[in-house]
Amino acid sequence: MRGLLASSVGVTCVAALALPLTSPAVAARPVSPAAVRPASGAEALGSTQSLPLAPLASRDFTLAPADEQGLPRRDVRHFSLAGVIWDDPDTELHGRVQIRTRAVGTDTWSGWQDLETHNDDTADPGTAERTSGRVHGATAPLWVGDSDGVEVRVRAEADHRTGDTARGSRTVTTTAPLPAGLRLELVDPGDSAPASARQEAAPASARQEGAVAGASHRAAALRSDPTPEPAQEPAATDTSGPTAEPAEDPAALDASAANAGLAAPGAIEIPALNRQQTEQELFALRAGELTERQRTKPYIGPRPRIITRRGWGADERLRERKFVYTKKSKAAFVHHTASGNGYRCTQVPSLIRGIYRYHVKSRGWRDIGYNFLVDKCGNIYEGRAGGVAKPVLGAHTLGFNTNSVGIAVLGSYGSKKPPAAVTRAIARLSAWKLGLYGANPKGKTYLKSGGGNRYPKGRKVRLNVISGHRDGFVTECPGRQLYRKLGSTRTTAARLQGR
């Protein structure tokens with residue numbers, strides 16, 4: 001299957017079933033990232049096909065032609081992830097979006113699969129990211145595996161109402177119009193990261209040494225200017241020669257430097273630390289900001305292993321160059337990506353690269369929306385660039401992105417229970433990340449709403465420090481089964497902090 005790393009790690013909000021793939025048992029042990037395969041040509045770095053939808057001839061005569069749009073079955077270039085977008089991000093799609101695909105090298109078509117339409121994990125109203133003019137409304141993306149055929153249909157939701165008339169009661173059927181500018185986005189995540197991101201995994205001893213050294217450098221990095229000026233787009237480098245190696249992309253250097261002190265420059269993972277090492281790191285990162293009680297008894301969980309953006313092969317040239325920060329991380333919002341559960345953990349880098357490209361190129365965001373992602377094997381991945389120990393402003397929970405962190409579990413967990421490895425990973429990550437800012441995973445906190453469909457702009461809302469997406473926005477996310485696990489996740493995270 002295309003879009004895989006040669007030997008790599010295992011990798012949007014209601015349950016959606018992906019095209020069945022070969023699905024071995026979920027690995028109990030962590031999967032290690034490895035060297036990224038060389039890229040050969042622009043296609044290796046990924047691409048997006050954007051196909052306009054048109055009215056379909058409906059068999060339901062209560063619907064007008066404009067109430068059902070789609071794309072008849074057709075051949076397309078290879079893709080692995082699909083979604084539907086529309087012009088106005090403030091317009092909701094009231095209806096059903098379904099897709100069927102054909103696997104590469106076969107004549108076999110999948111059954112119809114649903115794309116989640118109500119997944120407002122996006123930038124807050126009024127922010128530069130939201131008002132850029134590039135943002136679109138969108139469904140959650142769906143991972144379908146390597147495919148080269150597609151068919152899609154979008155049907156407006158019919159509202160059947162019974163009313164009284166002079167001649168008695170009668171049923172009236174109405175439909176909300178479909179959003180303007182419906183397009184099908186087919187994403188090829190590419191085979192690898194850019195050639196400039198190729199790197200062999202460093203020896204474990206070197207990674208550990210880089211993790212515990214340079215305490216003063218870590219503190220300086222955390223307090224550095226959060227919004228460096230954007231630079232010019234780097235010129236293309238000729239790599240036609242057999243041994244040609246392009247100069248390091250400045251954006252890739254920036255993304256790596258944002259984790260300075262946590263790992264060696266260009267590392268593909270940030271290694272786990274034990275409790276003592278984590279406490280030492282906390283004192284270095286936040287020296288002068290901690291209270292006397294925090295210095296005497298710091299409540300923070302051991303830092304978990306985190307696979308970096310370079311580790312999953314991010315093409316840093318896709319995103320906006322600068323980083324944007326909030327003040328602190330007071331709360332964590334848990335999501336599921338609703339992209340289906342049919343992936344293998346070795347496919348995760350491809351899946352994340354697909355979501356990243358969909359968020360940036362199709363939805364119009366400045367970067368991937370989530371701060372962290374977790375796969376079903378329990379591996380943790382760096383999301384939005386800017387540094388895993390810093391309060392990076394995400395685009396994950398409309399109205400509540402400020403002073404919060406977004407953790408997305410790759411998959412759909414409306415009806416399927418999350419593996420134990422998933423909830424353990426969320427607890428470990430939350431215990432460490434929230435501990436950097438003194439937040440109690442079992443506690444409550446106040447966040448001011450930036451505006452959304454559950455709370456009006458300006459309202460101070462009391463939320464669990466570890467909340468589900470649905471706690472801040474009317475949505476099914478993170479899925480019923482995953483949401484049910486948040487109570488035990490809070491307890492575990494608090495225990496890991498030593499509470």
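P478 lies in the loop between strand β19 (466-468) and helix α9 (480-483). Helices (H or I, at least four residues) and strands (E, at least two) are DSSP runs, numbered from the N terminus. A cis peptide bond joins C477 to P478, with omega at about 10°.

The structure is a predicted model, in which local features need pLDDT of at least 70 and side-chain atom pairs count only at pLDDT 80 or more, whereas totals for chains, interfaces and linings use all residues. Residues are numbered from 1 along each chain as its sequence is written, and side-chain values use heavy atoms, with hydrogens and water left out.

**Residues with positive phi**

A338 is found in the loop between β13 (331-336) and α7 (348-362). Phi of A338 is near 55°, a positive value in a residue other than glycine. A338 counts as buried, at 2% relative accessibility; buried means under 20% relative accessible area, exposed over 50%, and partly exposed in between (1.4 Å probe, protein chains only).

N403 is found in the loop between β15 (380-382) and β16 (404-409). Phi of N403 is near 60°, again a positive value in a residue other than glycine. At 16% relative accessibility, N403 counts as buried.

**The packing of α8 and α10**

Two packed helices are described by the angle between their axes and the distance between the axes. Helix α8 (residues 420-435) packs against helix α10 (residues 486-496) at an angle of about 45°, with their axes 8 Å apart. That makes α8 oblique to α10. Axes are lines fitted to C-alpha atoms, for helices over the stretch in contact, and angles run from 0 to 180 degrees between N-to-C directions. Angles under 35 degrees count as roughly parallel, over 145 as roughly antiparallel, 65 to 115 as roughly perpendicular and the rest as oblique.

In the contact between the two helices, T423, I426, A427, R428, S430 and A431 of α8 meet T489, T492, A493 and L496 of α10; contact means heavy atoms within 4.5 Å. The residues of this contact of α8 with α10 divide into five nonpolar, four polar and one charged. Here Ala, Val, Leu, Ile, Met, Phe, Trp, Tyr, Cys and Pro count as nonpolar, Asp, Glu, Lys and Arg as charged, and the others, Gly among them, as polar.

Helix α8 has 16 residues and reaches 22 Å from its first C-alpha to its last, close to the 22 Å expected at 1.5 Å a residue. The expected span of a helix is 1.5 Å times one less than its number of residues. Of the 16 residues of α8, 13 are buried, so α8 is largely enclosed by the rest of the structure.

| Pair | Separation in sequence | C-alpha to C-alpha distance |
|---|---|---|
| E269 and I306 | 37 residues | 5.6 Å |
| V374 and A421 | 47 residues | 9.5 Å |
| K416 and G479 | 63 residues | 8.7 Å |
| V392 and S329 | 63 residues | 8.6 Å |

E269 is placed in strand β11 (residues 269-270) and is buried, with a relative accessible area of 8%.

V374 lies in strand β14 (residues 372-374) and is also buried, its relative accessible area being 0%. Leaving aside its neighbours within four places in sequence, V374 is in contact with N379, I380, I407, A408, V409, L410, V422 and A425.

K416 has its place in the loop between β16 and α8. With a relative accessible area of 42%, K416 is partly exposed. Apart from its neighbours within four places in sequence, K416 is in contact with N341 and Q481.

V392 is placed in the loop between β15 and β16 and counts as buried, at 4% relative accessibility. When its neighbours within four places in sequence are left aside, V392 is in contact with V324, Y325, N371, R384, A385, G386, G387 and S404.
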